[in-house]
Amino acid sequence: MSEPALLELEDISKNYGNIIALTGVTTLVNAGEVTCVLGDNGAGKSTFIKIIAGAHQQSEGILKVDGEEVMFDSPRDALARGIATVYQDLAVVPLMSVWRNFFLGSEPTKGFGPIRWIDRKKASRIAKEEMGKMGIDIRDTEQAVGTLSGGERQSVAIARAAYFGAKVLLLDEPTSALGVKQSGVVLKYILEARNRGLGVIFITHNPNHAWPVGDRFLILNRGVSMGNFAKDEITRDELIMMMAGGAELEELTRELEQAAAGDEALSHLAEEFAEEVGELEERAEHDE
Amino acid sequence: MRKFRWLAIVLAFTRVAAACGGDGDDTTSTGATQDTVDLTQGGDLTFHMVTHSDDGPFWSVVKRGMDDACAAVGVSCVWSPSVNTPEKQVQDIDAAIAAASDGIAISLASPDQVGPAAERVVAAGIPLYTLNSGLDFYKALGAVTHIGQTEFVAGQGAGERFNALGVSHVLCARQEQSNVGLEERCAGLADTFSGQVTSEFGGLDNDIPAQEAAIAAILAADPSIDAILGVGPPIAISALNASETAGRGAAIGGFDLTPEILDAIETGTIAFTVDQQQYLQGYLPIIFMFLQATNQNTAGGGLPILTGPGFVTSDNAAEVKDLSAQGTR
Amino acid sequence: MTTDVATADVPAAAPDERLAYRGPIQRLLVQPEIGALLGAISIWVFFWAVTVPFGTAIGTANWLDVAATLGIMAVAVALLMIGGEFDLSAGAMTGATGILVILLVKDTAGGGAGLSLWIGIPLSFVLALGIGWFNGTLVERTALPSFIVTLGAFFVIKGAKLGFAKLFVETIQVGRIDEGAGHDFWRKIFSSVWTRNDHIFNSRDTVYVALLVVGGVAILLGLLELTYRRRASFNPGGLPIAGIGAAAGLVGLFALHGTEGTGANFIWSIVMGAGVLIGAYGIALWRFEPNPDRGALQLPGGLLRPAGLGTGLVILGVFFGLILDSAPALKPDRTVDTIFFLLTEQGLRAILFVGLSIVGLVLLLIAASRARNFSSTSGTVVSIYTAIVVTVLAFIIQSESDAPKFRAELFSVLLLVALLMATWAVVGLYFEQRRFPDEAPDRLGRVLAIAGVVLASVGVVFRLLFTTDSELPTLVGQTQFRVSILWFLLSAGLATWVLARTKFGSWTFAVGGSKSASRQVGVPAARTKTQLFMIVSAAAWLVGMLLAFRLQTIQASTGDGKEFEYIIAAVVGGTLLMGGYGSAAGAAIGAMIMAMSFQGIPFAGWNSDWRFLFLGVILLLAVMANNYIRKTAEEAS
């Protein structure tokens, strides 16, 4: 590869005082690729997001944008470098129309001198076009975003970020609050953004969502990187296994069995759980 | 140092803000507390006047009455305005008892809170007078007499004025919707007036344009109305404006003295205003207390002494205006 | 549970079947202000019906005067509320700015600063903006609820008013703004009065009718453009028919204008009505696609029930109207007799009659609009039926009512409504309604409709502003329109434009709807909110100037406690208490609703002790109607 990656992380660590939130994280985001960051609650995902989005600075390690070493001072700084963050709940203003949301903060205006007004037609047209590129036909851009489905709402934010020149999209748990079908819709938009040449960082705790769209997987557990794999280096079951932390799962199985001693219903559950974990481990080994 | 000056101003504001909890026009003050009038010739008598006063335009005339009376008979007087705070009034009364006052005059705007303190005055053997408010309670508390005006009688007086003006249908326009005093003024009007009386709410004093519009609407709804009694100073002026725009030329009566009303009476656009003559409410208690202390006189004969209604018409408007400027009307 | 997503090939954008095309009426109905507008119209009609002077120029000037100061503030407060904040100091500020300017320009001997008004007015404006800036900054910096912060500001301002008034002029009334230099000029700006009796214009009624007719036709044409599907190429065959219709309509109109007798009026009304119907049909034939599928007549229970109930209610309303008119027990002295201490008998009659008929007619209209979903034929049948009911109602009113305005004005209005319904129904049967937006006719339709509304409004304003030689002797008193009404309309227009068309407007909605989301995309949330507070204080300043120049003397208590009226007006006008949604025009209409309710009660001669009861009922009804209309419109779309 001759061109440098859009975004590269080398051995990034973050300490809050004596608390180590993140250690030795390395990954990269290429144009036209989806990098999935997987991890359970408390795995260090939000620290990871904050570093890339510019809200916090890394304590150690190197962050490169287009091959150039950088240190973000603020979210605005990250945005200027083409890194746009879409937060799960904070993406859009539900009571406002699609086009107003799309252009919020960067409205196109016309007029003379200090008297300026929004070029409504242009805004409405572009919003419609851009949403169309994402595969959503918005007939009426006057429609309130709140009336769209959860997946479509995320897509408005994604399309907006793409339109305003983002090179890297940082998506914070875009599917976590959504049902199966809506998650599928969002995954589709992630692919759409990828196909348009954007680098996407997709943060999730659901390996089933990550696997179909990801080109690269970074797995975090308790602030430690469990590995950074290209898609051909890892299988789906390994991914699931690693994400949950294999050793920990066995530990959990044991604990469940102990707790269930005497309780018939619970012990039944514990058995089932142990069975499933065993199966998973077997399959992962087999794959290797 | 500048900082401290700001602090002082801020403190003054908060005090003012606290002072304006009451209703009506005369509830303002920057609370100066105890002004002592000590005139050398007056011997050793000291009288206390403990009122709910706020030293607004109304009460400053009362205080002027007190000052003039004290100067006239040569006694010492203490003016304690409690700015509508019953607790402070109680403290001031107790302080006056402790100072072995020779006579205490109080206003009873809050009889429930101030009543016990008034009873302590009587128990201490100090002559007690009530002024301004307290007509229904002075007797039970053991006060010698009450010096003030009753709203009903004031309204009755207005009714007779309108009879003399030869009008047939008076609108009694009130600036508050649930104020007993104002309702009584209208009831008194209906009592003596020979024609029809319509008592209606005419909009609050804090929105004069709406007040004018409301009165104009009432006038438009009933073409037979040919006179208006505004039971407060601003509403009387609003009634005048509404009547003028409606082209009705209604006879207007007002309540209390303000420069605007006096001007209008002078030019003849307002027929009269009912004056409570509150100067008397400051002056008379001192005289009565002086006479009781020096001559064992008890005025009133168990009945209240009314200070009003007095009337200001075009005949005496000019004189009253001058007196008002001097602070005695 | 796996969500396998087909990679790479994303299907091409398919039209979303859930997004149906919204017709012009539906689009109009989801506007936040439309519920308030309908509420305002009903309240106006109500008081017009129960009182004599309310609907005349004198009554209009009266309630508009109250609406103006209330409305200027309500509009600004609505902006702030859309931005998600409250300002409880808004009321006190109106008095404070008035007192401030008087203190600045009053003679030094009288306790003032003796400045010229040319300095005092801009200076007071800057100081007022400073208060707004202070409120906004404090709210933003402390992150306390604006309710609390501005409550504090309210007490500070209230105290400062009293304190400074007592300090400088030794009374709570601050007067003599006329001592400021330039008073004559500024008085013209803030306190001019248009006295209708002095403005005679004898061909007023001709202009009025002409503007109304032209405006009405423009609205009708605009609605046609917005509703029906345009032909690929126009069919000139429709033009002669349209011409015949127009000619018949004009002949009917002129003849109607020139005749007095009932028989002749009746004939010429029919000629005019037929003209409108034929004209509209001709225009439609010229421009629009014929309806390919009129559908069979379907009248299921869902249609018959509201239609039947509606008819029943109208009949009941007419029945009450007639029975109360002739019931001897209720009749002895109709003008002053009151029932339940509340209402005159006339009032009760009007309420029952107007209320029942309106509800009945609304049900019929609902049935008609539902019928259109079944088939064009069903829609037309129910619409025509409704038109017939309206016509019958009109004639009953004309023959039975002894109130002249019912006989003449209401009769004409109802006939017009029936005529338009019939026209709409016929066009709807023969021509195809649009199911998609189309740019050219959309633009033309909008322009026509807006132009029509403007022309008709100008006509009404014309009638209100001028009198005629023949009318003059019948007038009692002066009708005075104050310049504050103009300021009110200007503020409402400006605020509406700002909200709808500017960045700042968009940001206002955004910071009220979701502050964090708007911050996320770079909206300067703190600055926007501070500016909103400054807008409120600027509006308070304007009201302060209007009061100061009108009254010459301002009391310290002026405006205290009015802030809740502003908030109520904004809410009645469709602004959400939580922020993020609302409209400035709606707040203006909300202020009108409140002013009409305030003033209608004394106009009706009702006992003022019940004033708040009425006010409460009216406001609840207005808000509920508002909510209901918005919900139904949103569900329907």
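**Note on the predicted three-chain model**

1. In chain B, strand β7 (residues 169-174) runs parallel to β8(B), and 6 bridges join the two strands. One of the residues involved is B:H169, whose bridge partner in β8(B) is B:Q196. The model under review is a predicted one, and the values given below should be read with that in mind.

2. The two strands belong to an open sheet of 6 strands in chain B, with mixed pairing and the order β8-β7-β9-β10-β11-β13. At its edges stand β8 and β13 (310-313) of chain B; each has a single partner strand, so one side of each is left without a neighbour in the sheet. From one strand to the next, the twist averages 20°.

3. A helix accompanies this sheet. Helix α6 (residues 151-165) of chain B lies across β7, β9 (227-230), β10 (251-255), β11 (272-275) and β13 of chain B. Relative to β11(B), the helix runs at about 160°.

4. Two backbone features in chain B deserve a reader's attention. The peptide bond from B:G308 to B:P309 is cis, its omega being near 0°. B:P309 is placed in the loop between β12 (305-306) and β13 of chain B. The other feature is at B:D256, a residue other than glycine with a positive phi, near 70°. B:D256 belongs to the loop that connects β10 with α10 (259-267) of chain B. As background, most residues other than glycine have a negative phi, and most peptide bonds are trans.

5. C:R176 is not a glycine, yet its phi is about 70°. This residue sits in the loop between β1 (173-174) and α7 (183-191) of chain C.

6. On the arrangement of the chains, there are 2 pairs of chains that touch, and the pair with the most contacts is chains A and C. Chain A and chain B are joined by no contact; their closest C-alpha atoms lie 35 Å apart.

7. The contact between chain B and chain C draws on 34 residues from chain B and 38 residues from chain C. The area buried between these chains is about 2,900 Å², and carbon and sulfur atoms give 58% of that area.

8. Between chain B and chain C, 8 residue pairs are in polar contact, both residues of each pair being at pLDDT 80 or more. Four elements of chain B, namely α1 (2-19), β8 (196-201), α8 (208-221) and α9 (233-245), each supply at least two residues of the side that touches chain C. The largest share of that side, 11 residues, is contributed by α8(B). Sorted by class, the side of chain B that touches chain C comprises 17 nonpolar, 8 polar and 9 charged residues.

9. Salt bridges between chain B and chain C number 2. A salt bridge joins B:D207 and C:K562, with the closest N and O atoms 2.5 Å apart. In general terms, side chains of opposite charge can pair when their charged atoms come close.

10. Over all chains, the count comes to 36 salt bridges. Within chain A, a salt bridge is formed by A:K167 and A:D66, whose closest N and O atoms are 2.9 Å apart. This pair links distant parts of the chain, the two residues being 101 residues apart. A:K167 lies in the loop between α5 (150-163) and β9 (168-172) of chain A, while A:D66 lies in the loop between β4 (60-65) and β5 (68-70) of chain A.

Terms used:
Residues are numbered from 1 along each chain as its sequence is written. Chains are lettered from A and ligands numbered from 1 in the order in which they are written. Side-chain values use heavy atoms; hydrogens and water are left out. Contact means heavy atoms within 4.5 Å. Buried area is the accessible area (1.4 Å probe) that two parts lose on being put together, summed over both. A salt bridge is a side-chain nitrogen of Lys or Arg within 4 Å of a carboxyl oxygen of Asp or Glu. A polar contact is a pair of N or O atoms within 3.5 Å; within protein, one must be able to donate a hydrogen and the other to accept it, and residues adjacent in sequence count only if both atoms are side-chain atoms. Ala, Val, Leu, Ile, Met, Phe, Trp, Tyr, Cys and Pro count as nonpolar, Asp, Glu, Lys and Arg as charged, and the others, Gly among them, as polar. Two strands pair if DSSP finds at least two bridges between them. Axes are lines fitted to C-alpha atoms, for helices over the stretch in contact, and angles run from 0 to 180 degrees between N-to-C directions.
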